[in-house]
Structure formats: structure tokens, C-alpha cells
Amino acid sequence: MKEKLVQKKTAVRSEEGAQFDFGGFGVHWKIEGADTGKRFSIVHHPIAPHALAAPLHCHHHEDEYSYVLEGTLGALLGDEVVTAEPGTWVLKPRGQWHTFWNAGDTPCLIIEVISPAGFENYFREVAAAWGDKDRFAEINKKYSLDMDFESVPRLCERFGLTFPKL
């Protein structure tokens, strides 16, 4: 028997959804996995000018698809550097080391589609533990996320970026 999806929302307005700012990189929760049968979730990521969103990292359970709404997104996908303007999709498949940043002088806003759902909760847990590096490492392990914290200085120097102190 096919499981029936119980859709909780029919529309999500621009101002709806919880938000958190990690110091230049934000998360605005839009569509939860519970609303999609855990097939996918969507968050918006506002990124300040020249801000690095995350250290180089690799997901083992989810794919991410970023759509640029405003500004210029830079991304390192394996060894490839990509610059994406509004209207561009950037694909970050599981198993690929990657990171991304605002490559411009104005704010950047992306829609992030995460498949399957669940990783949207990673951001909630990191927000609750913000500033606690040991807890951050535990959360990364829980979500099967490999993260190279040592990559931050190199990335900031190479691409002219800033990153908040954890």
C-alpha cells in the first residue's frame, strides 16, 4: 500500500520560518521534511559580502542544490571553482568535498534544496550549540558530515573571505 503524504502547508510566505545568523551566514527555514514525506527540505541562506559559509566539508547522506536568487555565489566543488549569478543552480552531490561563499560586494541569497530531508535540523542543532566546538564536532558526527576546519584560513586567503570565530 502506498503511503499517503500529509501536506501541512500550501504556501510559505517570504517572512515565514525561523531564522538564525551564524555571523555572515544565515539560515531561514522554509519547508521542513515533515511537509514533504522526508523527501527534501528547503532553507534559504543569506550570505554577507565576502563571507565563507562553511569550512570545506562532505555530506554522506544528502545532496544539496543551491539556486542563486541575489548576488554572486562562489563555490569550490571538489577541485572546480564555480561563480554563480542569479538564476543559476549549483549542484553539491553527497560524497563531494565542497564549500561556498558570497563572491560579491552585495548580499547573496540562495535557496538550498536538501535531499533527502533531515539535514535542515543540523542547522538548528548547531545554532543551539553555537560557540561550543566540542558539541559542534558531535553534531557533525551525528549527521555524517566530515568537516575540515583547517581549510578555513586557506579558503579565506585564497578567495578574500571572512569567517566568524567559532
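Predicted model: local features only at pLDDT ≥ 70, side-chain atom pairs only at ≥ 80, totals over all residues.
In which strand does V68 lie? V68 lies in strand 5, and E64 belongs to that strand too, which covers residues 63-70.

- The side chain of E64 is joined to that of H98 by a polar contact of 3.1 Å.
- When neighbours within four places in sequence are left aside, E64 is in contact with H57, H59, V90, L91, K92, H98, E112, V113 and F119.
- V68 is likewise buried, with a relative accessible area of 1%.
- Once neighbours within four places in sequence are set aside, the contacts of V68 are L73, A84, E85, P86, G87, T88, L109 and I110.
- S144 stands 76 residues from V68 along the chain, and the C-alpha atoms of V68 and S144 are separated by 26 Å.

**Helix 1**

- In helix 1, which spans residues 120-128, the buried residues are E120, Y122, F123, E125, V126 and A127.
- These buried residues pack against strand 1 (19-21), strand 2 (26-31), strand 3 (41-47), strand 10 (108-115), helix 2 (133-142) and strand 11 (145-148).

**Helix 2**

- At the start of helix 2, a side-chain oxygen of D132 comes to within 3.2 Å of the backbone nitrogen of D134.
- F136, I139 and N140 are the buried residues of helix 2, and they lie on the same side of the helix because they cover an arc of only 100° around its axis.
- The face turned away from that buried side carries the exposed residues D134, K141 and K142.
- The packing partners of the buried residues of helix 2 are helix 1 and strand 11.
- Just after helix 2, S144 adopts a positive phi of about 50°.

**Helix 3**

- Helix 3, made up of residues 151-159, has S151, V152, L155 and C156 as its buried residues, and since they cover an arc of only 125° around the axis, they are placed on the same side of helix 3.
- On the face of helix 3 turned away from its buried side are the exposed residues P153, E157 and R158.
- The buried residues of helix 3 pack against strand 4 (56-59), strand 6 (73-77), strand 9 (98-102) and strand 11.
- G160 follows helix 3 and has a positive phi, near 65°.

Key:
Residues numbered from 1 in each chain as written. Heavy atoms only, no water. Helix = DSSP H or I, 4+ residues; strand = E, 2+ residues; numbered from the N terminus. Polar contact = N/O pair within 3.5 Å; in protein donor to acceptor, adjacent residues only side chain to side chain. Contact = heavy atoms within 4.5 Å. Buried < 20%, exposed > 50% of the residue type's maximum accessible area, 1.4 Å probe, protein only. Arc of directions from axis to C-beta.
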